[in-house]
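Reader: I have a structure to go through and would like to learn how to read it. Can we take it one question at a time?

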Amino acid sequence: TLRKPISQSSMADWASKNLNMHTQGIFRRRISISNMLSWNGGSIKKPMLITSNRAIKKEACEMFKLVQSYMGDRHTRMDRNNVALVTVTKCWSMQGLRDELYIQLIRQTTDNTCYRSLAWGWELMAISLAFFSPSPKFQSYLEGYIYRHLDSDENIAQRIKELVDLKNKKNSKSRKKRKQNTEDEGLPISTYAKYCYRKLQKVAVTGGKKGLRKPTVEEITHARNAIVTPSLFGSSLEEIMLRQQDMYPGNKLPWVQTQLSQQVLALGGEQTEGIFRIPGDIDEVNALKLQVDQWRIPSGLSDPNVPASLLKLWYRELEEPVIPQQFYKECISNYENPDAAVAVVQLLPELNRLVLCYLIHFLQIFAQPSNVGRTKMDVNNLAMVMAPNCLRCQSDDPRIIFENTRKEMSFLRMLIVHLDTSFIKGLV
């Protein structure tokens with residue numbers, strides 16, 4: 001659901017308070033906010049945002065050149081993948097640069113008369129959102145900017161035409177002109193905007209890439225491809241099934257769900273102490289996620305906690321939880337009634353019902369007494385670690401969240417103990 005963004009006047013107010021106003025000419029005249037937030041073909045001598053950090057002041061000006069290089073507005077010997085990698089790594093390593101990058105991208109995608117440059121600017125924003133979020137202070141401004149472009153393709157084409165006509169009149173005698181291009185070189189801007197909007201909502205909650213390993217070229221390429229080809233993580237179950245239609249047309253369940261579950265068992269997860277509770281190495285989980293998104297399961301896995309952590313992440317990041325939101329109240333109302341809890345499962349849409357039954361069948365393996373002795377993960381522990389990945393409380397009230405957490409765990413426990421999942425054996 002798209003939230004209503006902050007108003008145009010609120011965005012202007014935010015800009016007036018936070019922009020580091022630039023000057024020009026020998027008389028050092030201040031540049032207006034509208035010019036500060038319009039495409040610029042030259043360099044900048046100080047950051048776009050007010051900061052007292054010397055390192056950020058220096059890096060911000062260099063980063064502006066990288067943004068121009070990625071968008072094709074500045075010559076560079078690096079290919080665009082490496083330009084993106086250097087840019088993203090700077091911001092990933094130095095938190096204070098993140099808002100600066102996003103405001104620079106806002107500037108360079110405003111009143112830009114070259115469609116290809118404009119599209120590449122939006123592409124770099126989409127890639128960046130795969131690695132880090134803006135600060136809470138800047139999020140609403142970025143959200144408002146992206147929101148205004150969700151259905152703006154006709155307006156953008158018209159605006160480019162107006163700006164080109166205006167520039168041609170001013171420069172009619174000049175031989176040196178920036179290449180004008182209103183042709184469709186790339187995706188519609190609204191496609192980038194819609195992707196960025198969804199990505200911003202998610203990264204604001206999850207916090208982006210974790211771990212100690214710096215971003216890689218493979219992750220940059222993956223982030224770019226995800227704009228057009230949705231990831232197996234963070235999509236809806238329907239989208240995931242649609243994506244696997246060509247490769248696994250006969251499958252009734254998501255390939256990613258069955259493959260990761262089988263990997264946990266193949267590596268002896270049901271005999272591993274603290275399985276699902278002890279997280280796998282975050283960098284190894286990230287690496288596996290990259291492989292799985294390319295429909296590959298590497299052969300060199302040794303720690304069952306790695307696929308187990310990624311499996312939990314897959315459930316948790318689903319666009320809509322396995323148990324859809326409209327069934328949430330019914331679930332927490334029947335957390336002590338086995339028959340009623342099982343009855344809720346039968347009401348779910350067919351795909352959700354199969355995915356949930358597969359998960360419960362999987363957890364029932366770990367709940368067997370012979371395995372609990374090794375894993376120290378009894379049915380209560382299993383329900384505790386998996387319930388947040390299946391049910392999502394929409395309330396902002398900490399008391400309601402706390403109270404419902406107990407009910408969510410109890411509901412999932414009822415399913416692990418009482419749901420008959422024998423029909424799921426052999427289903428893929």
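Reader: At which residue does H3 bend by about 25°?

Author: The model is a predicted one. In it, H3 covers residues 54-70. The helix bends by about 25°, and the residue at the bend is Ala60.

Reader: How far apart are the end C-alpha atoms of helix H3, and what span should its residues give?

Author: Helix H3 has 17 residues, and at 1.5 Å a residue these should span 24 Å. The expected span agrees with the distance between its end C-alpha atoms, which is 25 Å.

Reader: Which residue caps the N-terminal end of H3?

Author: Look for a side-chain oxygen that lies 2.9 Å from the backbone nitrogen of Ala55. That oxygen belongs to the residue capping the N-terminal end of H3, Asn53.

Reader: Which residue with a positive phi follows H3?

Author: Past the helix, the backbone has a phi near 85°. The residue with this positive phi is Gly72.

Reader: What covers the buried residues of H3?

Author: The buried residues of H3 include Ile56, Ala60, Phe64 and Val67. An α-helix has 3.6 residues a turn, so residues three or four places apart point the same way. What covers the buried residues of H3 includes helices H4, H5, H6 and H10.

Reader: Is Asp99 buried or exposed?

Author: Asp99 lies in helix H5. Its relative accessibility is 13%, and the cut-off for a buried residue is under 20%, so Asp99 counts as buried.

Reader: Which residue has a side chain joined to that of Asp99 by a polar contact of 2.5 Å?

Author: Leaving aside neighbours within four places in sequence, Asp99 is in contact with Leu49, Pro134, Ser135 and Phe138. The C-alpha atoms of Asp99 and Phe138 are separated by 6.6 Å, although these residues are 39 apart along the chain. The side chain that makes the polar contact of 2.5 Å with Asp99 is that of Ser135.

Reader: Which residues form one aromatic cluster with Phe138?

Author: The structure holds 13 aromatic pairs. The cluster that includes Phe138 also takes in Trp14 and Tyr141.

Reader: How is the pair of Tyr248 and Trp295 classed?

Author: A pair of aromatic rings is described by the distance of the centres and the angle of the planes. For Tyr248 and Trp295 the centres are 6.1 Å apart and the planes are at 45°. An angle under 30 degrees would count as stacked and one over 60 as edge-to-face.

Reader: Where in the chain are Tyr248 and Trp295?

Author: The pair links distant parts of the chain, as the two residues are 47 apart. Tyr248 is in the loop between helix H11 and helix H12, and Trp295 is in the loop between helix H13 and helix H14.

Reader: Which of these residues is buried, and which is partly exposed?

Author: Tyr248 has a relative accessible area of 26%, which makes Tyr248 partly exposed. Trp295 has 14% relative accessibility, so the buried residue is Trp295.

Reader: What is the centre-to-centre distance in the aromatic pair of Trp255 and Trp295?

Author: Trp255 is in helix H12, 40 residues apart from Trp295. Trp255 counts as buried, at 5% relative accessibility. This pair is tilted, with 50° between the planes, and its centre-to-centre distance is 5.2 Å.

Reader: What is the phi of Phe276?

Author: Most residues other than glycine have a negative phi, and most peptide bonds are trans. Trp295 has a positive phi of about 60° although it is not a glycine. Phe276, in the loop between H12 and H13, counts as buried at 2% relative accessibility. Phe276 is not a glycine either, and its phi is positive, about 75°.

Reader: Over which ring does the charged end of Arg80 sit?

Author: The charged end of Lys289 sits over the ring of Phe233, 5.2 Å from its centre. For Arg80 the distance to the ring centre is 3.8 Å, and the ring is that of Trp120.

Reader: What share of the residues of the protein count as buried?

Author: The protein has 20 helices and two strands. Its C-alpha trace spans about 85 × 45 × 45 Å along its principal axes. Of its 428 residues, the share that count as buried is 49%.

How values were computed
Residues are numbered from 1 along each chain as its sequence is written. This is a predicted model: local features need pLDDT of at least 70, side-chain atom pairs count only at pLDDT 80 or more; totals for chains, interfaces and linings use all residues. Side-chain values use heavy atoms; hydrogens and water are left out. Helices (H or I, at least four residues) and strands (E, at least two) are DSSP runs, numbered from the N terminus. The expected span of a helix is 1.5 Å times one less than its number of residues. The bend at a residue is the angle between axes fitted to the seven residues ending there and the seven starting there. Buried means under 20% relative accessible area, exposed over 50%, partly exposed in between (1.4 Å probe, protein chains only). Contact means heavy atoms within 4.5 Å. A polar contact is a pair of N or O atoms within 3.5 Å; within protein, one must be able to donate a hydrogen and the other to accept it, and residues adjacent in sequence count only if both atoms are side-chain atoms. Rings of Phe, Tyr and Trp (its six-membered ring) pair if their centres lie within 6.5 Å; planes under 30 degrees apart count as stacked, over 60 as edge-to-face and the rest as tilted. A charge sits over a ring if NZ of Lys or CZ of Arg is within 6 Å of the ring centre and within 35 degrees of the ring normal.
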